[in-house]
Amino acid sequence: MITFNRRKALALMGGTVAASGLAAPALAANKKIKVGALRFTSHSGSFIALERGYFADAGLDVEFEFFQAAQPMAVAIASGDVDYAVTAISGGLISLADKGAIKVIGGALQEEGGIDGQKYLISDAAYQAGIKTLKDLDGRKYAVTQAGSSFHYMGSKMAEAEGITLQFTPLQKVGAIIGAMKSGQVDGWSIVPHIAKPLAAAGAWHMVANVSDYIPNYQVTTVFTSAKNAAEERGQTEAFLNGFKRGVDDYAAAMIDGTADQDAMVELIHKYVYTDRPLEKAAPSIINGTMRLSTGAALNVASVQDQLSWFQSEGLVDSDITLDTLVDSSYVETTGA
Amino acid sequence: MSESSAKPVSFRGGGFAPRSVRWIGVTVFVALILIAEWGTRSGWISALTLPKPSDVLDTFRELYESGLLFKHLGPSLSRLIVGAAIGASVGISVGVLIGLFSYIRSGLVPLVAAIFPIPKIALLPLFVIWFGIGEGSKYALIAFGTFTPTVVATYGAVDNVDRTLIRMGQSFGLSWWSIVRKIVLPGAMPGILSGLRISLAIAIILLVAAEMLGAQYGIGAYILEAGSLYDLERLFAGVLILSLLGVIVSAVIGLIERRLLRWRI
Amino acid sequence: MDIRLDGIGHAYDDFEVMRDIDLEIPTGQIVCIVGPSGCGKSTLLRFIGGLEQPKKGRVLQVGAPPAGCLNPLTYIFQDFALLPWRTVWGNISLVLEDHGIRGAAAKDIIDDVLARTKLSDFAEALPKQLSGGMKQRVAIARALAVKPAVMLMDEPLSALDSQTRELLMDDLVDLWTRQPFTAVYVTHNLAEAVRLGHKVVVLSRRPGQIREVVTIDKPLAAREFSDPDLDRYQKDLWHLMREEARAADAELIHV
Ligand SMILES: Nc1ncnc2c1ncn2[C@@H]1O[C@H](COP(=O)(O)OP(=O)(O)OP(=O)(O)O)[C@@H](O)[C@H]1O
Ligand SMILES: [Mg+2]
């Protein structure tokens with residue numbers, strides 16, 4: 001049953017929709033898909049695309065599936081319970097790609113000079129004990145959620161640059177790490193600015209450097225899907241990316257470039273993030289958390305390659321995995337190659 | 001009665017007496033592993049579902065050859081031994097006290113019943129605050145997890161000590177301490193040991209939880225890392241080690257039982 | 001050392017089990033107590049042994065226990081009460097350890113009592129390896145080891161089959177003949193009572209009172225299996241007890 005409404009007609013005519021002929025059958029069916037998300041500002045691209053009807057325009061009936069952590073989300077994609085999601089590149093993600101279960105198809109969060117990015121931190125206890133710089137962290141406890149997480153990568157890259165060794169201490173959850181940093185049981189960590197700043201102001205820890213100083217153009221999170229979707233559901237995948245890109249553009253316009261109404265955008269994001277706080281209290285965190293989501297979901301393959309190589313050098317993933325196993329670069333513009 | 005009307009009485013006894021047949025258990029294991037191996041090789045079990053048993057074995061061998069096995073096993077065993085030793089010895093002491101004194105019994109039995117069902121993993125963050133992120137919180141978690149089942153098993157075992165033996169001790173003028181040491185404790189030993197079987201299995205289960213926070217090495221940390229990397233071979237290799245640990249612990253208790261409880265009929 | 005019961009009476013809550021018991025247990029005699037089930041025999045024995053206190057009356061020791069006596073009032077239990085995790089030797093040494101008797105001193109005593117109970121070959125056996133009769137002999141050996149002034153025996157032979165019972169009665173008679181001991185011997189079995197008792201105390205049904213004390217003068221060693229004299233005593237005792245037993249039996253049903 002093919003019914004054309006105004007939106008779909010518009011979408012079909014829209015120049016941004018590549019290969020619209022191919023996508024048409026999927027669009028016409030108003031296809032139901034599931035998108036995995038964490039309640040973080042870095043997932044705003046999807047939230048905006050849904051709220052502003054960009055997914056619907058692309059012919060997709062999107063339903064969000066919320067997760068507490070990135071790891072189960074990746075497994076849900078692999079098992080086919082969720083179709084698309086955004087998450088940091090982790091050892092688990094690479095392993096799943098190696099098993100032929102998932103593919104990275106685009107870029108999302110990116111460290112960019114000039115925009116506040118993730119911070120390296122030193123706990124107040126350690127700071128008072130004379131550890132004032134990252135170099136001083138030599139031999140100390142550095143918090144990570146798990147071995148092979150993005151925290152592990154950031155810490156390791158920094159340690160390599162500083163020529164120091166760190167004791168990576170897995171604490172599973174960000175909440176547990178914050179507690180351990182506050183009580184001085186671990187000495188160093190890195191985290192997004194909207195978590196780093198308020199607690200630095202409260203004296204729990206000290207921000208001593210930017211992650212972007214050590215890892216330029218760091219592709220923090222990527223868009224990924226199941227290998228099956230990437231290979232066989234091209235129309236649907238492109239439709240998803242199109243909706244997502246428009247969300248990202250709106251986000252950048254409102255939050256970074258100042259060419260759109262920021263308040264309206266904050267209000268929209270607040271529907272998904274910090275929902276347990278009133279808008280006035282949530283707004284500063286949402287604004288503080290602003291980071292660059294890469295335009296057009298462009299993927300910095302150089303950064304992805306660097307991460308892959310690091311995971312391999314640490315023996316966390318198989319050493320014969322190639323970038324092509326992890327990434328399907330046919331969907332978005334790639335940079336850094 | 002004529003010979004022709006005589007017929008043998010039909011047998012209707014038997015059954016309802018399962019025995020353990022030694023090689024069946026091994027056969028089941030081997031068969032399952034062979035099916036998994038064949039399934040993963042031929043492809044109808046995807047790499048995402050189950051690792052190849054031979055790959056798991058390879059991973060295990062690599063772990064052993066690289067020396068990492070002992071680097072992981074060492075801390076885990078010490079956590080297990082220290083934690084379980086604390087939990088079991090405090091548990092046995094408290095259990096005996098509950099078994100002997102009315103006030104302690106009235107005061108502690110409800111408390112033990114209240115803390116028994118608490119998932120000890122849920123208290124991990126609390127333990128980290130109390131005992132720090134190092135070995136302390138790991139010992140505490142394992143000790144706490146083994147404590148409650150040991151207490152319950154022990155006071156049950158003390159309750160079941162034959163009262164006439166205690167009366168006998170009293171009638172011969174044995175001191176209180178002699179009665180506890182020579183009659184109550186040995187009499188409760190079968191119950192305490194079968195309680196230990198359960199407590200120590202729980203200790204192994206809790207090892208993984210204990211190593212969630214701040215452990216760089218350890219079988220639990222290894223399994224968690226494998227899980228987060230979705231590395232099924234390592235995951236299964238780790239699980240294999242835990243299973244072996246369980247079998248060894250059970251065998252050791254069996255050995256102790258045979259030595260200590262030789263007197264049982 | 002004699003034992004004197006002085007106006008013993010007892011009740012569990014409002015449930016009177018015993019009334020006005022006066023009894024003398026003279027040194028060197030075996031006093032048997034018989035009576036219908038539930039009349040308070042075991043309770044009375046617990047009073048004598050100090051394991052329980054009567055509501056009324058007193059249990060008195062008259063005179064000092066003999067020299068070397070470690071545990072003046074010593075029990076022998078119906079179900080033997082041997083520690084299953086200790087060997088025969090260990091079960092006997094158990095009751096000496098608390099008196100600080102170890103090593104050679106303990107060995108002397110244990111060897112002696114094992115010999116007297118014909119158990120010398122079984123010192124290292126565990127209780128599970130012994131027959132019922134042997135277990136009770138171990139219990140008797142253990143009691144002898146503490147050189148009791150008075151042995152308190154609560155149906156010591158009831159758990160045994162009748163042949164073993166006969167054999168063990170012979171053993172007890174032998175033991176007594178070689179070295180007379182004082183004993184209070186509770187039993188259901190009138191044959192045992194007339195075979196072993198210098199005095200047989202007949203209790204009435206609950207609340208237990210002394211109906212009669214029968215003295216049997218015939219020396220223990222002269223009494224034999226199905227001795228006609230003893231049969232007569234036994235018959236008399238049965239006549240005394242029959243009504244009580246019947247009433248007690250009927251009463252139990254009504255409880
Ligand atoms: N601890 C107790 N609490 C309440 N009642 C008791 C207690 N001990 C014994 N009795 C009651 O006292 C009465 C006497 O008990 P006892 O065991 O002394 O009798 P007995 O003559 O030894 O009986 P039996 O021949 O069956 O061994 C019984 O009716 C029994 O139910
Ligand atoms: Mg009785």
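Strand 2 (15-25) and helix 1 (41-49) of chain C each put at least two residues into the shell around ligand 1. Keep in mind that this is a predicted model.

**Around ligand 1**

- Ligand 1 has 14 residues around it, and the closest are Gly38(C), Lys41(C), Ser42(C), Thr43(C) and His188(C).
- Helix 1 of chain C is the top contributor to that shell, giving four residues.
- Sorted by class, the shell comes out as four nonpolar, six polar and four charged residues.

**Polar contacts to ligand 1**

- Thr43(C) uses its side chain here: one of its polar atoms sits 2.4 Å from an oxygen atom of ligand 1.
- Gly38(C) gets there through its backbone, with an N or O atom 2.9 Å from an oxygen atom of ligand 1.
- Gly40(C) also brings in a backbone N or O atom, this one 3.0 Å from an oxygen atom of ligand 1.
- As for cover, ligand 1 on its own has 630 Å² of accessible area, and the protein covers 63% of that.

**Helix 2 against helix 10, chain B**

- On the helix 2 side of chain B, the residues making contact are Asp55(B), Val56(B), Thr59(B), Phe60(B) and Leu63(B).
- Helix 10 of chain B answers with Glu233(B), Arg234(B), Phe236(B), Ala237(B), Leu240(B) and Ile241(B).
- The class tally for this contact between helix 2 and helix 10 of chain B is seven nonpolar, one polar and three charged residues.

**Helix 2 against helix 3, chain B**

- Phe60(B), Leu63(B) and Tyr64(B) from helix 2 of chain B meet Leu68(B), Leu69(B), Phe70(B) and His72(B) from helix 3 of chain B.
- By class, there are six nonpolar residues, one polar and no charged ones where helix 2 of chain B meets helix 3 of chain B.
- Phe60(B) and Leu63(B) turn up in the contact with helix 10 of chain B and again in the contact with helix 3 of chain B.

Technical notes
Residues are numbered from 1 along each chain as its sequence is written. Chains are lettered from A and ligands numbered from 1 in the order in which they are written. This is a predicted model: local features need pLDDT of at least 70, side-chain atom pairs count only at pLDDT 80 or more; totals for chains, interfaces and linings use all residues. Side-chain values use heavy atoms; hydrogens and water are left out. Contact means heavy atoms within 4.5 Å. Ala, Val, Leu, Ile, Met, Phe, Trp, Tyr, Cys and Pro count as nonpolar, Asp, Glu, Lys and Arg as charged, and the others, Gly among them, as polar. A residue is near a molecule or strand if one of its heavy atoms lies within 4 Å of it. A polar contact is a pair of N or O atoms within 3.5 Å; within protein, one must be able to donate a hydrogen and the other to accept it, and residues adjacent in sequence count only if both atoms are side-chain atoms. Accessible areas come from the Shrake-Rupley method with a 1.4 Å probe; for residues, only the protein chains shown count as cover.
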